[in-house]
Amino acid sequence: MGNSDQALIRAVLAGNKDAYGVLVERHGESMFRVAFRITENEADAQEIAQETFLRGYRSLAEFDARADFRTWIYRIAVNCALQLLKKRKCEAAVPISEEFDEEHAGIQLADGGAGPERLLLDREIEHRRHAAMEKMTEDERLAFVLRHLEGRSTEEIAAALDVTPNTAKQSVFRAVQKMRRSLAPLWVKS
Amino acid sequence: MSHLTDEQLIEHYFCEGANRVVVETHLRICSRCEQVYEEISNVLAVRAPEPPAREPGYGRRLWQSIHAPLRPYPTAKRRYFSWPRLVLASACLAGLAAAFLFGALWQRSRIRPSAAAISPQGKERVVLLILNDHLDRSERLLVELNHAGAEPGSLDASLQSEARQLLPDNRIYRQAVSANHDPIMSAALDHLERVLLEVANSPDKLNSADIARIEREMNTDSLLFQIRVLRARTSRQEPQVEPSQIKPFRKGSSI
């Protein structure tokens with residue numbers, strides 16, 4: 001049995017369930033990473049990773065053998081994340097400030113010193129960034145993450161969201177504008 | 001000077017947009033657009049926290065957490081009842097049916113012209129078939145003629161009518177048989193033609209004396225014997241065919 005994704009998929013469809021385990025081991029971490037970037041929550045990202053591979057297994061018979069498995073499972077992960085975001089939005093009884101995870105509040109602003117003022121500013125920036133992300137619609141958030149953090153092209157984003165490239169581009173644009181509105185006062189202050 | 005839109009600047013930041021050189025040049029000369037672009041760059045420089053690193057063996061643990069409810073794919077069922085296979089099988093069946101139909105039509109189209117152009121053997125069989133029928137009718141006419149000569153009274157008009165019908169056919173058959181180099185049959189048909197001429201061209205009502213004269217002068221007994229012999233001969237040569245296969249012979253048609 002070959003060890004390529006295609007060979008493993010053939011083995012799974014031939015009744016070898018464990019071959020799917022190799023695929024999960026191979027792509028599990030990257031799916032967790034994209035899920036985390038979208039949700040910014042470790043538990044949610046873990047849940048999405050599990051759900052992604054469960055759905056992937058059940059839909060494997062429909063997988064086009066000529067396609068790339070990584071792209072295919074990535075799209076499932078994005079859809080799972082989108083559904084989770086919608087679910088979280090519906091459950092929005094919890095205020096945004098309480099959802100904020102201070103453990104991951106470190107931001108990557110290039111700065112040599114780390115004095116108390118700087119730490120305060122970093123915290124404020126992260127708080128506003130997080131608030132801006134929460135203000136985005138699910139599509140805007142996904143488009144922004146895929147474009148800005150995952151480095152995906154407009155066409156890939158459009159395919160993942162099942163929209164036209166122009167709609168995907170507009171989603172990115174609106175997301176950046178929301179981020180600008182949220183963070184602009186800080187630049188003026190600083 | 002018109003300024004660049006926010007959309008153009010955001011596209012430029014993500015290395016998209018058709019006129020990258022134009023935007024680049026504009027940013028060098030327009031301080032306002034340069035300021036907006038810097039603001040966008042600053043905003044986008046704020047990165048979300050990186051995903052926490054996963055411990056080694058994360059993928060294996062992920063698999064262990066989900067593998068229990070998954071059932072192996074049933075291979076046989078999928079192999080025989082998957083849609084692509086069904087579509088392929090249907091296409092093959094349709095192709096087979098089309099090939100069969102085409103073959104049947106092609107064969108029929110080949111048979112038709114060959115049937116139209118009858119082979120010499122086939123033509124001969126048709127002649128024998130029709131000739132046998134003609135000899136049969138002639139034999140019945142001669143038998144009736146002999147009976148009429150033996151009984152007093154006038155001849156039935158239907159006998160003369162039959163003789164008039166047989167006469168043109170007999171002439172055609174005689175010519176055909178002459179061409180086919182069959183002297184015995186040709187002589188018999190020639191003899192028959194003279195008898196038919198006599199009966200057909202006689203006055204409307206032949207009496208028994210006239211019939212007796214014809215029998216005597218034309219030796220119809222001998223002719224009847226010859227006809228019977230020839231009919232027996234043509235029956236032997238004739239192929240065994242179903243009556244439904246025989247087409248009615250049209251008067252005046254050439255053989």
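Chain A of this predicted model has a mean pLDDT of 83, and 85% of its residues reach 70 or more.

- Residues 94–112 of chain A have a pLDDT below 50.
- Beyond near neighbours in sequence, this stretch still has 18 contacts in the model.
- Where pLDDT is low, the predicted coordinates should not be read in detail.

**Make-up of chain A**
- Chain A contains nine helices and zero strands.
- Read from the N terminus, its elements run α-α-α-α-α-α-α-α-α.
- Chain A has 190 residues, of which 37% count as buried.
- Take the contacts in chain A between residues at least 6 apart in sequence: 61% of these join residues at least 24 apart.

**Helix α1 of chain A**
- Helix α1 of chain A spans residues 5–13.
- Its buried residues are A:Leu8, A:Ile9, A:Ala11, A:Val12 and A:Leu13.
- An α-helix has 3.6 residues a turn, so residues three or four places apart point the same way.
- After α1(A) comes A:Gly15, which has a positive phi, near 110 degrees.

**Where chain B touches chain A**
- The contact between the two chains involves 30 residues of chain B and 42 residues of chain A.
- On the chain B side, the elements that give two or more residues are α1 (6–13), α3 (31–45), α4 (58–66) and α5 (75–81) of chain B.
- Of these, α4(B) provides the largest share, seven residues.
- By class, the side of chain B that touches chain A has 17 nonpolar residues, eight charged residues and five polar residues.

**A residue to look at: B:Met185**
- B:Met185 lies in helix α9 (residues 183–200) of chain B.
- Why does B:Met185 count as buried? There are 21 other C-beta atoms within 10 Å of B:Met185, and a residue is buried if that number is 20 or more.
- Leaving aside neighbours within four places in sequence, B:Met185 is in contact with B:Val177 and B:Leu230.
- B:Arg231 is 46 residues from B:Met185 in sequence, while the C-alpha atoms of the two are 9.8 Å apart in space.

Methods:
Residues numbered from 1 in each chain as written. Chains lettered and ligands numbered in written order. Predicted model: local features only at pLDDT ≥ 70, side-chain atom pairs only at ≥ 80, totals over all residues. Helix = DSSP H or I, 4+ residues; strand = E, 2+ residues; numbered from the N terminus. Buried ≥ 20, exposed ≤ 12 C-beta atoms within 10 Å, placed from the backbone. Contact = placed C-beta atoms within 7 Å. pLDDT = per-residue confidence, 0-100. Nonpolar A, V, L, I, M, F, W, Y, C, P; charged D, E, K, R; others polar.
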